[in-house]
Amino acid sequence: MYTVILNGSPKKDGNTSILINMILPKLNSGFKIINTFSKNITPCIDCQKCYTSSKCALAENDKDKTTVFLNEIEKADNIIIASPLHYSMLSGSFLNFASRFQYFYVSKYIRKDENFHIKKKRGFLLLTGGGTTKDFYPVEKVTKLILRQINASYEDTLKYINTDSMPLYRFDDFSDLEKLNLTNKINRFVEKINLSNISQK
Ligand SMILES: Cc1cc2nc3c(=O)[nH]c(=O)nc-3n(C[C@H](O)[C@H](O)[C@H](O)COP(=O)(O)O)c2cc1C
């Protein structure tokens, strides 16, 4: 089992990273974290070269590491999209990264490449937020759409939407009840990730 975590936070030690770090020791699989807020990630420019070629035009750019990351995603059994809520949506840097999944869509549905295959995987969403978002339907809908591009199902969301009043770097100061509630939520989420009954396609 191999889990790839896509971290869309602009902060290395922010709330999203702290929440990711809280789940890592509980995972029973190997994992890799890809930070999408990186100079090495170039968004899709819709040049449509992949309509006729199996090579993405951006993969020819030495500075672009997205292709390397896309290879990791192909290998994964589980994908966790982790992001702070920005305007009740996944972060801009995450959406830039996910725009490169267009290559997979085009390979399958436009170029109809018979050699193209991404193994089936399970997808999860991890969200942090300051507290203003009340409606999670739009972000979950977009997440499902993005997961479908990489042949991932949508399984579950872990939300911590209270970072304005209780940022996670202050977890040690939380009351025992607050600690227990969050720990229970994390445990239920990780239990689902650790299920290994994946049927390969
Ligand atoms: C541009 C921007 C937009 C935001 N929009 C929302 C929002 O719509 N809903 C919400 O609950 N929090 C919102 N927040 C707050 C962040 O989601 C929150 O601070 C989050 O925990 C930050 O995670 P990080 O520490 O990993 O960056 C926004 C923050 C920024 C910078």
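Guide: Let's start with α4: its buried residues pack against α2 (66–75) and α5 (137–149). Bear in mind that this is a predicted model.

Visitor: OK, which residues of α4 are buried?

Guide: In α4, which covers residues 102–110, you'll find Y103, F104, V106 and S107 buried.

Visitor: And why do they line one face of the helix?

Guide: Look down the axis of α4: the buried residues fall within an arc of 165°, so they line one face.

Visitor: What happens just after α4?

Guide: That's where K112 sits, with a positive phi of about 50°.

Visitor: Switching to β1 now. How many of its residues are buried?

Guide: Six of the six, so to speak: strand β1 (residues 2–7) is mostly covered.

Visitor: Which way do the residues of β1 point?

Guide: Y2, V4 and L6 go one way, while T3, I5 and N7 go the other, and all are buried. In a regular strand, side chains alternate between the two faces of the sheet.

Visitor: What does β1 pair with over six bridges?

Guide: That's strand β2 (residues 30–35), and the pairing is parallel. Within β2, I34 stands opposite L6.

Visitor: How does the chain get from β1 to β2?

Guide: The chain goes through helix α1 (residues 15–23), making a right-handed β-α-β crossover.

Visitor: What about β3, how many bridges join that strand to β1?

Guide: Five, and β1 and β3 (residues 78–84) run parallel. For V4, the bridge partner in β3 is I79.

Definitions and conventions:
Residues are numbered from 1 along each chain as its sequence is written. This is a predicted model: local features need pLDDT of at least 70, side-chain atom pairs count only at pLDDT 80 or more; totals for chains, interfaces and linings use all residues. Side-chain values use heavy atoms; hydrogens and water are left out. Buried means under 20% relative accessible area, exposed over 50%, partly exposed in between (1.4 Å probe, protein chains only). Helices (H or I, at least four residues) and strands (E, at least two) are DSSP runs, numbered from the N terminus. Two strands pair if DSSP finds at least two bridges between them. A crossover is right-handed if, with the strands pointing away from the viewer, the path from the first strand over the helix to the second runs clockwise. The arc is that of the directions from the helix axis to the C-beta atoms. Contact means heavy atoms within 4.5 Å.
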